[in-house]
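Dear colleague,

Please find below the structure that I am handing over to you. My notes on it follow directly after.

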Amino acid sequence: HILTATDIRFSLSIIYLSFLFSFLFAFYSLLPYSSSFFFFFFLMIRRPPRSTLSSSSAASDVYKRQGLTTLDLSPLSQLTMIHQGFLQDCTSLTVLDLSPLNKVTEIQVGFLEGCTGLTALDLSPLSHVEEVSWGFLAGCTGLTTLDLAPLCHVAEVQGCFLYGCTGIEAVGNPPPLCAVPPRGWSRAGDQWVRKGEEEEEEEEEEVEDDDEDEE
């Protein structure tokens, strides 16, 4: 007997129906255990592991989890740009040697934002930096002194550059190319002086009004 196309289609239909009924039978038999089934299904679609974080936040996340008080940056000696949030909120860091970063020319948002454990910071290795974005040292409440002389090539400091650095009353040697001090600070001779609370509140209101006008 020679198989025709009709015979082949009929055989495939039988096989397909057999698999379908087998699946339905198996599903029906698992109904009493549906809660376990859905639990394992949820595990299969859970979020990726922390090791697959984007490069912008992976470093800070790892360092926060490990609770490091110091950090060796020497493997980053060829780095020319510091990505967003690199060490953001690493509150356990108390000592940080920036000397391996002497080739960096650009620092993106939130480099050391919220690193409340730092009490001193030598910025001299950052003498090639030309651009610094928001929140560079925002919230570093442990700092009491800061010399910005190494940032002599920076023409503009954006927004919350030193916002919330309540331990610092004055900053020496601000970048000579920066005509406008960062938010929360005012120029006094060759220094930036932190504004009082009332002045900061007035400045915040002005910023909010500007934002509303832009909208």
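In these notes, buried means under 20% relative accessible area, exposed over 50%, and partly exposed in between, with a 1.4 Å probe and protein chains only. By that rule Cys140 is buried, at 0% relative accessibility, and Cys115 is likewise buried, with a relative accessible area of 0%.

This is a predicted model, in which local features need pLDDT of at least 70 and side-chain atom pairs count only at pLDDT 80 or more, whereas totals for chains, interfaces and linings use all residues. Residues are numbered from 1 along each chain as its sequence is written, and side-chain values use heavy atoms, without hydrogens and water.

The pLDDT, the predictor's confidence in each residue from 0 to 100, averages 75 over the protein, and 68% of the residues score at least 70. For residues 38-56 the pLDDT is below 50.

Counting a disulfide as a pair of cysteine sulfur atoms within 2.5 Å, the model has zero disulfides. For Cys115, the nearest cysteine sulfur is that of Cys90, 5.2 Å away. The sulfur of Cys140 lies 5.3 Å from that of Cys165, its closest cysteine sulfur, which is too far for a bond.

Yours sincerely

Definitions and conventions:
Contact means heavy atoms within 4.5 Å.
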